[in-house]
Amino acid sequence: MSARMVGDPVRRKEDLRFLTGKGHYTDDINRPGQVYAVFVRSPHAHAEIKSIDTKRAAGAPGIVAIYTGADLIKAGLGTLPCGWGVKNKDGSPMAEPPHPVLASGKVRYVGEAVAVIIADSKAAAEEAAELVEVTYNELPAVPAVDAAVKSGAPQLFAEAKNNICYDWHIGDAAAVAAAFEKAPHVTKLDVVNNRLVPNAMEPRAYIGDYDRATGEHTLFTTSQNPHAIRLLMGAFVLHVPEHKLRVVAPDVGGGFGSKIFHYAEEAAVTWAATQLCRPVKWTAERSESFMSDAHGRDHVTHAELALDKDGKFLGLRVATLANLGAYLSTFAPAVPTYLYATLLAGTYTTPAIYAEVKGVFTNTVPVDAYRGAGRPEASYLVERLVDKAASELKIDPAALRRKNFIPTDAYPYQTPVALAYDSGDYFSTLDLALQAADYAGFSKRRDDAKKRGKLRGIGLATYIEACGVAPSAVAGALGARAGLYEVAEVRVNPTGSITVFTGTHSHGQGHETTFAQVVAERLGIPVDQVQVAHGDTAQTPFGMGTYGSRSLPVGGSALVKALDKIEAKGKKIAAHLLEAAEADIEFKDGKFTVAGTDKSKSFGEIALAAYIPHNYPLETLEPGLDETAYYDPKNFTFPSGAHIAEVEIDPDTGTVELINMTAADDFGRIVNPLIVEGQVHGGLAQGIGQALFEECRYDPKSGQLVTGSFMDYRMPRAGDLPSFAVATHATLCTHNPLGAKGCGEAGAIGAPGAVMNAVLNALSTIGVSELQMPASPERVWRAINDRKAAA
Amino acid sequence: MYNFEFHKAKSVADASAQITQKSEAKLVAGGMTLIPTLKQRLAKPSDLVDLNGIAELKGIKRDGNAVVIGAMTRHVEVVESAEVQKAIPALAHLASHIGDPAVRNRGTLGGSISNNDPAADYPAAVVALNATVITNKRKIAADEFFKGMFETALDAGEIVTAVSFPIPEKAAYMKFPNPASRYAIVGVFVTKHKDGVRVAVTGAGPCVFRQKDMEAALAKNFSADAIKAIVQKQDGLNGDIHASPEYRAHLVGVMARRAVAAAG
């Protein structure tokens, strides 16, 4: 029997309910007696709250309750905790101003929640929200990160001088200085990594409930990590003990990082439910999501790369201003530091690296992890620099990269920025990509395009990333306030089917299928005999959820360890039933066999025996077949690859058309190639979106969110994207039992560099050498036009 | 949305009476502008008067040397109409680039021109084709109909019932869409009739306008070269994060030349 399951293109079990409209999302849930919450949000980017008058609103029809920041303080609620502490260069801790659930005294960004209206219908709550009279004393606002650090800029917090949360560094400044001193060539670059709005298809939604009879609180939440929310909200905000708080993340329509964090609205509805003893439901409007979901990226960077005369990298120095937004979101400090600067070696042997990062508060929505979280920023910077150096030194971009790649026999490879890569082969993925993209045939395509009046360009990015987060001790040493292990419970039912309880959470990743494949292959049972349960803290053991491409490397490894325990116990049971020594029992293809004989028992027979232990070694073995394993990873994992984009630019309008996109990636062991391909496609779409289309814009003076809806925020659409050419080449992860590296974020990490390098390659033919993301039509046209005028 | 009373009008006269009597009432055609406006609570009409059940407002027919399109004709119907494709294919092409498929299935010609969004596509066609707007009260020439941003010549209670488009000798429409909304940043409709040339520009300014310099040059020589040197001034043009006035002025020239080339 037993087709091998791991590596098979098994169609997703989840898809039946998702594609037929039978998913069970938070907004689909309706509890008896429920009431509806609407948040009153600040229309100003920066203002003192002089007064909040809720009298008229409270008198409106259907209003059950209205709460403001003052009510929450009076009730003794805590503020939203930050889950990662970053130190300054001098070792002192970062500024950590409080992040209130509802604004207290001041508002610091357009969209900050000021009050919550609770009514017996959403319409009644919306009507009453307009009757709340908030008197603001407007203050000057500063939304841009480079303006915020200048002396004289409006200050958001007394404890953060010049709006600086932390001034952090990593690497060896002296080694870098020495390298630059002698370097025959230095390439300099100023880059902006544009702010993005995550826009998961499902907006955030929460239902808080409280049962007065049992004292139990429940929160239904669109979260990527329900246990983390239970801990953060219970311990730090509501002061509710975990055994009385159940958090359920049902079907969730995409997160991309934006649903990791503990948000004000979660705490507000859970607390309100305890006051009213009724379920309190909130679902975000899309325009509300634009101004309340954590945003991504938003760096301004100056970088310099020192090279010798043959193009070998000697040193890299980087100075980044990272926008944290108006308050610290749950993981915000780590994203532009430990998830960013530690990747600045990229795929190269650069021996000396020094990076300084200032985390800066501004009057904008809080910024935190978004697909790639720090690694897209690092990869974009490095790959733009490398291409610029290639152009300046007149070396082919692929050749320059190969010259500096870490050799395949150099692993484990210790980078100058803390991370040690376990395995990799950037040569093979680059060759795969160059082949698939027909890099060699490009110049003819460029010439043909020229005849049609178009500028054609091709661009590379060879990326690496650190994911499979994370080894707890390492993370803790770097300031993480949580461990990052994962857990799996494998519960064998008496009749031989399996339920897996995982601490990861599937919100598009397909764990219900991939985890089932791992179990099916190991235990030799059909994949439809395996159920994967996740998302309910009452059901699953304490896990850290899904982000940072961790579910398979970390969660899958926990699953393998639990399966090891199942197999070990199964062998003991089989030995007893088969009257053989345990050491003589082999387990293969779902059968326990006495070595060298045809005496065997099926997995199903063993399962039944465990739960009906009539013929069973009860003196030495407990009945049952239900094992849990926790797995703390020994290191991050390091997927890598090469992305190649080919574009055509219409010089009359500046429009960039993406003609081809090629991705050759190393994800280690692949459990389900269909799912991996889907992940790559999604990541590429988001990376292309960042490079060509998406940009969250604030008015520089007023701090108003200008791109507040899809009418102005330019999402990538299917029609914008060519068919992707994707391929994989595996070097196994050396330190987890699956050999898996994870694949969820790679597309978003490599694509921006590839696309922008292609755009600049096209524009180089007419002398344009600088351009920032997104390469929107007017931006490209101006670059072309300015060049023409200068010529 | 704020609460409103909903009425399905039985006839044009019925609809007209309703909106005349109730000063805060609004007509609903396709709803593609109105409904998002209501959902964002940017408008608070007391009543909505729905035109979707009125048969006399539908239909596309050939009438001598013109194509007459009912006000409640959906964009997709214009795209798919054999009459339009035969007589004025540029009009079908314009309709095929309005919004997206969902918008084209619901949005209407009458609704579009009555609203007169500066970035709508149809106003350029109506002006360039020198169409006549037919209402329940009178006939209005294209050059008289569009007055200013979101402003038309329609009186209170006056409802567009159809638009009559004379069939041109040559015509084409070229649009540079807003990358996010797909409204026109610049849309240029060029026509050649036996008695002249018309160049109508939408999206670039607060209201559709005719580019008279280009019309004069093309009347002498209908070719893209003839207008190569004509520079659209940027004063008074719209500017936003997607396109500055300077960029729009440049695009007017580019789209006009492409439209002339496509017109044949």
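Modeller: Let us start with one facing pair, bearing in mind that this is a predicted model: B:Ala172 stands opposite B:Val190, a residue of β12(B). The strands concerned are β11 (residues 170–177) and β12 (residues 184–193) of chain B, which run antiparallel and are joined by 8 bridges.

Biologist: Which residue takes a positive phi in the hairpin of β11(B) and β12(B)?

Modeller: That residue is B:Arg182, whose phi is near 65°, in a hairpin that has 6 residues between the strands.

Biologist: How should I think about the side chains along a strand, and where can I see another facing pair?

Modeller: As a general idea, side chains in a regular strand alternate between the two faces of the sheet. For another pair, turn to chain A, where A:Val490 stands opposite A:Val500 in β20(A). Here strand β19 (residues 486–492) and strand β20 (residues 498–502) of chain A pair in the antiparallel sense, over 5 bridges.

Biologist: In what order do the 4 strands of the open sheet in chain A stand?

Modeller: The order is β21-β20-β19-β25, and the pairing within this open sheet of chain A is mixed. At its edges stand β21 (530–533) and β25 (626–631) of chain A, each of which has a single partner strand, so one side of each is left without a neighbour in the sheet. On average, and with direction ignored, neighbouring strands of this sheet are turned by 15° against each other.

Biologist: Which helix lies across β20 and β21 of chain A?

Modeller: It is helix α15 (residues 511–523) of chain A, which runs at about 135° to β21(A).

Biologist: Now for the two chains together: how many residues of each are in contact with the other?

Modeller: An interface can be read first by its residues and its area, and then by its individual links. In this model 20 residues of chain A are in contact with 21 residues of chain B, and the area buried between the two chains is about 1800 Å², with carbon and sulfur atoms giving 47% of it.

Biologist: How many salt bridges are there between chain A and chain B?

Modeller: The count is 6 salt bridges between chain A and chain B; one of them links B:Arg41 with A:Glu127, whose closest N and O atoms are 3.7 Å apart. On the side of chain A that touches chain B, the elements giving two or more residues are α4 (122–129) and α20 (777–790) of chain A, and the largest share, 4 residues, comes from α20(A). The residues of that side divide into 6 nonpolar, 3 polar and 11 charged.

Conventions: Residues are numbered from 1 along each chain as its sequence is written. Chains are lettered from A and ligands numbered from 1 in the order in which they are written. This is a predicted model: local features need pLDDT of at least 70, side-chain atom pairs count only at pLDDT 80 or more; totals for chains, interfaces and linings use all residues. Side-chain values use heavy atoms; hydrogens and water are left out. Contact means heavy atoms within 4.5 Å. Buried area is the accessible area (1.4 Å probe) that two parts lose on being put together, summed over both. A salt bridge is a side-chain nitrogen of Lys or Arg within 4 Å of a carboxyl oxygen of Asp or Glu. Ala, Val, Leu, Ile, Met, Phe, Trp, Tyr, Cys and Pro count as nonpolar, Asp, Glu, Lys and Arg as charged, and the others, Gly among them, as polar. Two strands pair if DSSP finds at least two bridges between them. Axes are lines fitted to C-alpha atoms, for helices over the stretch in contact, and angles run from 0 to 180 degrees between N-to-C directions.
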